Amino acid sequence: MILTVTMNPSIDTRYEVEHLVVDDVNRVTPQKTAGGKGLNVSRVLVQLGDDVVATGLLGGHSGAYLGDLMDADGIAHRFTPIAGESRTCIALLHDGNQTELLESGPAVSDEEFGAFLANYADLVQQADCVTISGSLPKGVSADCYAGMVKTAADAGKPILLDTSGAALDAALAAPVKPTLVKPNLTEINGLLGTPFTPDDLPSLQQALESDERFAGISWVVVTMGAAGAVAFHEGARYRVVAPRIECVNATGSGDSTIAGFAHAIAASADDAEVLRCGNTCGTLNAMDPQTGHLVMDAWDEIYNAIEVTKA
């Protein structure tokens, strides 16, 4: 079983209009999805045929509705209830643009967080692999993910961490590291204080190897948009190039990539298969209008076109 964690889920609501008329009525048909990065991961893992359990925090009527949406997607879930109302996030597609309105989410009490940690620790024991994705709600300290990584590591389970900001800083500073982190090139330059480009891979590898924050992390995958990705695993450096596609909706492609990595790592796949599977999922998501969803009919075409070479 693969356990996915979404600490700050949302009802993702998508409105699409050809042209937004400001200060007037715009009639729309909503598309609602169980949102949050970890739930995007969950949806892709269901498509890949994995046994998945999603966990995190859910509250109020919105939380109950999120449970219904997960049921509709075939996602098994065991979330911890909280008093606050789970958030709603709106994406408005208009005039060739996407405008997003994102609620911050409910505050979490110490008692609620403690109940979640107990639930999480129990689920970790049953898991083959753990993914932790996204932001933290109010009331949860930035070192939360560092503690959750240690819980999984102490249980001998690989753990993939996809977050940013203070939560990532705390996880990198902790003595027990995640199995895999997936910053993009902008985020890695921010962490290292560097101006690296996709052409600076040897220098990037040297910078990562000399930075003690990355010591003990088995996989560091740096995504670079259309330029593909570079991965560092146990001293080896890999360059990954994906085929050019017509991008329909890139939102959720990073989450889909994490799902592919988790799918392969849980199956004890070799390095090339881990990278090929992850990047296939990320590419297939970008070809699908639904976030956290793959165009499975194109799997063989994209999978066979992914280039993974030792750099």
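This briefing covers the aromatic ring pairs of the structure and a charged side chain beside one of the rings. The model is predicted. A pair of aromatic rings is described by how far apart the centres lie and by the angle of the planes. The count comes to three aromatic pairs. The ring centres of F113 and F116 are 6.3 Å apart with planes at 25 degrees, so this pair is stacked, as planes under 30 degrees apart count as stacked.

- F113 and F116 both belong to helix α3, which covers residues 110-126.
- These two residues are three positions apart, about one turn of the helix.
- F113 counts as buried because its relative accessibility is 17%, and the cut-off for buried is under 20%.
- F116 has a relative accessible area of 0%, so F116 is buried.
- One aromatic cluster is formed by F113, F116 and Y120.

**The rings in helix α10**

- W299 and Y303 are stacked, because their ring centres lie 6.0 Å apart and their planes meet at 20 degrees.
- Helix α10 covers residues 299-305, and W299 and Y303 are four residues apart in it, so about one helical turn separates them.
- W299 is buried, because its relative accessible area is 17%.

**A charge over a ring**

- R276 lies over the face of Y303.
- The distance from R276 to the ring centre of Y303 is 5.8 Å, and the cut-off for a charge over a ring is within 6 Å of the centre.
- Y303 therefore has two partners described here: W299, with which Y303 is stacked, and R276, which lies over the face of Y303.

Terms used
Residues are numbered from 1 along each chain as its sequence is written. This is a predicted model: local features need pLDDT of at least 70, side-chain atom pairs count only at pLDDT 80 or more; totals for chains, interfaces and linings use all residues. Side-chain values use heavy atoms; hydrogens and water are left out. Rings of Phe, Tyr and Trp (its six-membered ring) pair if their centres lie within 6.5 Å; planes under 30 degrees apart count as stacked, over 60 as edge-to-face and the rest as tilted. Buried means under 20% relative accessible area, exposed over 50%, partly exposed in between (1.4 Å probe, protein chains only). A charge sits over a ring if NZ of Lys or CZ of Arg is within 6 Å of the ring centre and within 35 degrees of the ring normal.
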